[in-house]
Amino acid sequence: MSALEDPTDEHLEITPPKTWAAGLPAVAHALQYSLSQTSPRRTMLTLLNVNQAKGVDCPGCAWPEAAPGKRHMNEYCENGAKHINDEATSHRVRREFFEQHTVDELGRKSDYWLNQQGRLTEPMVKRPGAEHYEPISWDDAIALMADELRALDSPDEALFYTSGRVGNEAAFLLQLFARAYGTNNLPDCSNMCHESSGSAMTETLGVGKGTVSLDDIHEADLIFVVGQNPGTNHPRMLTALEETKRNGGSVVAVNTLPEAGLMRFKNPQKARGVVGRGTVIADQFLHIRAGGDLALFQALNLLLLEAEDAAPGTVLDHDFIREHSTGFQEFAEQARKTSWDDVLTATGLTREEIEQVHERVLAAKSVIVCWAMGVTQQKHGVPTIREIVNFLMLRGNLGRPGAGACPVRGHSNVQGDRTMGIWEKMPQSFLDSLGREFGFTPPAKHGHDSVNAIRAMRDGEAKFFLGVAGNFIRATPDSDVTEQAMRRCRLTAHISTKLNRSHTVCGDTALILPTLGRSDRDMQAGGEQFVTVEDSMSMVHASRGKLAPASPDLLSEVAIISRLARATLGGTPEIGWEEFEADYGTVRDRISRVVPGFEDFNRRVAEPGGFQLPNPVNAMTFRTPSGKAVFTRNDFEMPRAPKGHLILQSLRSHDQWNTIPYAMDDRYRGIRGGRRVVMVNPEDIEDLGLTETQMVDLVSIWTDGSERRAESFRLVPYPTSRGSAAAYYPETNVLVPLDSVADVSNCPTSKAVVVRLEAASWAG
Ligand code: SF4
């Protein structure tokens, strides 16, 4: 039993899942949570400011805003409102708090409890052997880290982790510092979510990002939403899909669960959403088996080839295939071998359902495929996305209005951080440009991604960990191994706004470095500053906090990184760390000379709404070795579970932001008052000889023979597809071994966990 959770679930209530999302309950819940965190005045200030042209970018997710002038005065969703006010909370964690609680004691608290304590207010240190954190000055904290970094045998013994909350300026400086120090060890949260998208798209299209804009979503004839739960994870995507529908487009949802947001949306900003029945989102719902998406797109591609055979010259986009692609013949040869038996087994769908989708595809002039972690965190996530790209290319659904590929990112600036160079294997062209601008030679050797960073700590090869935002310990797989790895470090440090579990898993010395939130005003020597972010559709824009900072002792991320860099490396005329801290415009000037697409950055980002980065695919430019888009051959694959086992996916509850639950509820799924639940199809429960609502242990089994156990979950009958089960992250991270990663991308396979359910040792 994890020490993090209460094993009793006496408050657990199960009701039928909702069949629609948002509406007035969303408004009520957003306000209720906001007012539990801060005053009505601060709540209003944040809400009127969030996602406005001169306001603060919602840190909730990476979904884009409408163009300035088209924005609603309430341009946010329930989760965005909760998240911004969770950050703007009036609760504070002061030094007395750390006197009252030992680190061990904090380590036994739940993620929910830790977050609810409020904003961090001053730097704290836990010294070797100490039981408590104690205050430390900023100068001493920075010196401690710099001394440790200088004492390492090699720069590669240091790890610099970034989470997607970090703005472009801080991200650029962090990677500059790491590389000037001598390492490419820049793991990030993207390694654990959309790395499979980046790998597959870079190989096939020459760019690791989505190719569509918000206007494309509105204009599309047909949108696929695959392995994605927009109602919870990017709620304003529902507003966009509603517009697609009103413009005559249709939506096919592909999921193992009939998520409320995929079914029907009641837009609380429209009268029809408040008093009416709302808008049906999915015209067709494919209740697919976990990991069946590759087979689905292989079948759709086979059907397209056969339709072309039947009516030559009418189905495929021969101009696109001839002029802009390579590998079509090899792909087609492979695609024609697709076995319907395999497809139906892998998907759990009927052939009629797939043929119905095929008819929709034939009728659509423009198609977009959106996807998220239901696809990327499969062992065969990369081939699945390659097959999606094949599907789009067959009918030339790239580079024209209403068409394209749309990996939907979860964290607000996760895409921007990658653009800024947060990647352990940035292309040599970027490193050369960085080196030229700043007068040094960046290391060429690839660094560690997140999984390899854990391995390096586990094996004693990495001894210094700096986390800039995020909650590394709870975002990563194999919780026990990861915690042991982190504890082997000589120094761990986290730049954070609020307390989280990562602060309780300490190296010999541990630092908590409290920083400004997005909603905080950022005053520096050069005056009031703003930061910039890039959303899921490559729009780059400014974000300005308006609230008085949570404490006078906070530093911005830019300031902390600049001071640490200066203390570690000393001053160099080429890298003006003091200047960067004083005026973030000077950082943007340097970005504009290093990062393609950011020319004249300061002027362009001053425009309301910012600017869109060019996507070469939309100009029919493919930065692949051949200069063309690449059709790929992808072998049939599916997750396989032995008899008596299920494929478990981890997922978030609706009342959760990344690793942090904001309540013990999951409103849309009808689960309240507890999180140790596992959702299983009632027929599977019967076949397994189990009883609905009994307590079970989840035991994951792996091909190497190893097993992992998460104890005491309430079995909830739920309309998951047959053979598929679902339970919450991060509680089930413990079930995913560090070595279970997606092919090519190294992304943890959190959506493909083979489990058996055993009657719990604790019966409840
Ligand atoms: S959709 Fe995402 S970015 Fe937009 S308000 Fe909601 S959580 Fe924030």
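The legends below describe close-up views of a predicted model. Local features need pLDDT of at least 70 and side-chain atom pairs count only at pLDDT 80 or more, while totals for chains, interfaces and linings use all residues. Residues are numbered from 1 along each chain as its sequence is written, and side-chain values use heavy atoms, with hydrogens and water left out.

**View 1. An open sheet of three strands has the order β21-β22-β23.** Its pairing is antiparallel; strands pair if DSSP finds at least two bridges between them. Strands (E, at least two residues) and helices (H or I, at least four) are DSSP runs numbered from the N terminus. Because β21 (531-534) and β23 (611-612) each have a single partner strand, one side of each is left without a neighbour in the sheet. Helix α8 (residues 168-181) packs on the sheet and touches β21 and β22, its direction making about 90 degrees with that of β21. Such angles run from 0 to 180 degrees between N-to-C directions of lines fitted to C-alpha atoms, for helices over the stretch in contact (heavy atoms within 4.5 Å).

**View 2. Strand β22 and β23 are joined by two bridges.** Strand β22 covers residues 539-543. Within this pairing, V540 stands opposite F611 in β23.

**View 3. Helix α15 (residues 293-310) is mostly covered.** Of its 18 residues, 15 are buried, that is, under 20% relative accessible area with a 1.4 Å probe, protein chains only. From first C-alpha to last, α15 reaches 26 Å, close to the 26 Å expected at 1.5 Å a residue; the expected span is 1.5 Å times one less than the number of residues.

Technical notes:
Buried < 20%, exposed > 50% of the residue type's maximum accessible area, 1.4 Å probe, protein only.
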